[in-house]
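Hello,

Here is the structure I promised to pass on, with some notes on its salt bridges below. Have a look at it first, and then read on.

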Amino acid sequence: FCAIPGIRGKHRSKPLAAVLDEGRELIGRGVSELVLVAEDSTAWGRDQGQELPELVEGLANLEGPHRVRIMYAYPNRFPWRLTELLRDHPRVIPYLDIPIQHAATPVLRAMHRAGDGDQVRRTLARLHEEVPGLTLRTTVLLGFPGETEADVDELETLVREFRLARMGAFPYSVEEGTAAADLDPAAHPAAPQEVVEARISRVLTLRDAHLAQDQEAHVGRILEVLVDEGPDSEGWARGRSDQDAPEVDLAVQFMAPGASVGDRVQVKIEGVMENLDLSGVREEA
C-alpha cells in the first residue's frame with residue numbers, strides 16, 4: 001500500500017561514524033534534542049551487522065547536554081536491547097514512535113505487514129512492561145480494501161486497551177505500482193469515502209479522550225520543557241516536554257521572560273488549552 005519501498009530500493013544504513021559526526025556537529029551548534037528518523041529506523045545497521053541500540057547509545061554518550069528521541073521504529077524484528085536504553089539512559093527520551101498501521105490480522109496480512117494483531121498487542125504490552133512511563137506514538141490506516149466493521153472494532157479495542165493518546169489516523173488511498181492497487185475488488189471491496197471518514201472519526205475520538213485526560217493530569221504539576229520558540233515581546237514562549245515530539249505532538253505555552261531557544265526550563269502547568277496544548281508559567285530556580 002506504500003510506494004516508498006519501491007522508490008527507495010533496499011535499506012542502506014548511514015555508517016555509525018557518520019551519524020555520530022553529524023550528532024557532534026549538531027550538538028556543537030546548540031541543538032538540544034537529536035531526533036532519529038528513517039523509513040524504518042529499527043532496520044538501521046542490519047546491512048552492516050549492527051543494530052539500532054548501538055547507534056542510539058553512541059549518540060546518547062556524545063559529550064553535551066542533548067537528548068535522543070527515536071521515531072518510526074517498526075514493531076517487527078524489534079531490537080529489544082533498545083528498551084534498556086529507553087528505561088535507563090538519562091539522555092535517551094522514554095518516547096517511541098512505532099507505527100502499527102492496524103490491529104486486525106486480516107488487514108495486516110492484506111497490507112503485507114509482518115506479524116499479526118496478537119503480535120502487535122504483545123509488542124506494545126512488552127514495551128510498557130520493560131519501560132515504565134514510556135510515551136508511545138503510533139500511526140494507523142483506515143479504509144484498506146477489505147477492511148470490515150469488525151476490523152475497526154478490533155482497532156478501537158486496542159486503542160482503549162493501551163490508552164493510545166498520540167496517534168495519527170489516515171485514510172487509505174490507491175498508490176499506483178503498489179500491491180494494494182492490484183487487489184481484486186471483489187475479494188477486497190473498498191469502503192465508500194464517507195464510511196472511511198466515519199471510521200477515522202471513531203478512532204480519533206477515542207484518541208482525543210485519552211489525550212485530554214492525560215493533559216488534564218498535568219495541571220498543577222511541574223514539567224521540564226525544552227524551549228522551541230520565543231519568548232515574544234510579552235514573555236510567552238513555546239516548548240515541549242519529553243512526551244512530545246516536534247511538529248507531530250502537542251506543545252506547552254508558558255510565560256518565561258529571559259528564556260532562550262534550546263533551554264530546558266521548569267514550568268508549572270496551570271491549564272489545558274482548547275487545542276489540548278498545556279499552558280503554564282516558568283518556575284524560577
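Arg240 is buried, at a relative accessible area of 7%. This is a predicted model, and in it Arg240 forms a salt bridge with Glu33, with 3.2 Å between the closest N and O atoms. The pair ties together parts that are 207 residues apart in sequence, because Glu33 lies in strand β1 (residues 33-36) and Arg240 in strand β7 (residues 236-240). Glu33 is buried too: its relative accessible area is 10%, and the cut-off for buried is under 20%.

The next pair is Glu57 and Arg81, a salt bridge whose closest N and O atoms are 3.2 Å apart. It links distant parts of the chain, 24 residues apart, with Glu57 in helix α3 (residues 52-60) and Arg81 in the loop between β2 (67-70) and α4 (82-88). Glu57 is partly exposed, with a relative accessible area of 29%, and Arg81 counts as partly exposed at 35%.

Glu229 has a relative accessible area of 45%, which makes it partly exposed. Arg238, at 28% relative accessibility, counts as partly exposed as well.

Some charged residues are joined in a network. Salt bridges link Glu147, Glu149, Asp153, Glu156, Arg199 and Arg202.

How many salt bridges does the structure hold? The count is 27, and the ones described here are among them.

Best wishes

Key: Residues are numbered from 1 along each chain as its sequence is written. This is a predicted model: local features need pLDDT of at least 70, side-chain atom pairs count only at pLDDT 80 or more; totals for chains, interfaces and linings use all residues. Side-chain values use heavy atoms; hydrogens and water are left out. A salt bridge is a side-chain nitrogen of Lys or Arg within 4 Å of a carboxyl oxygen of Asp or Glu. Helices (H or I, at least four residues) and strands (E, at least two) are DSSP runs, numbered from the N terminus. Buried means under 20% relative accessible area, exposed over 50%, partly exposed in between (1.4 Å probe, protein chains only).
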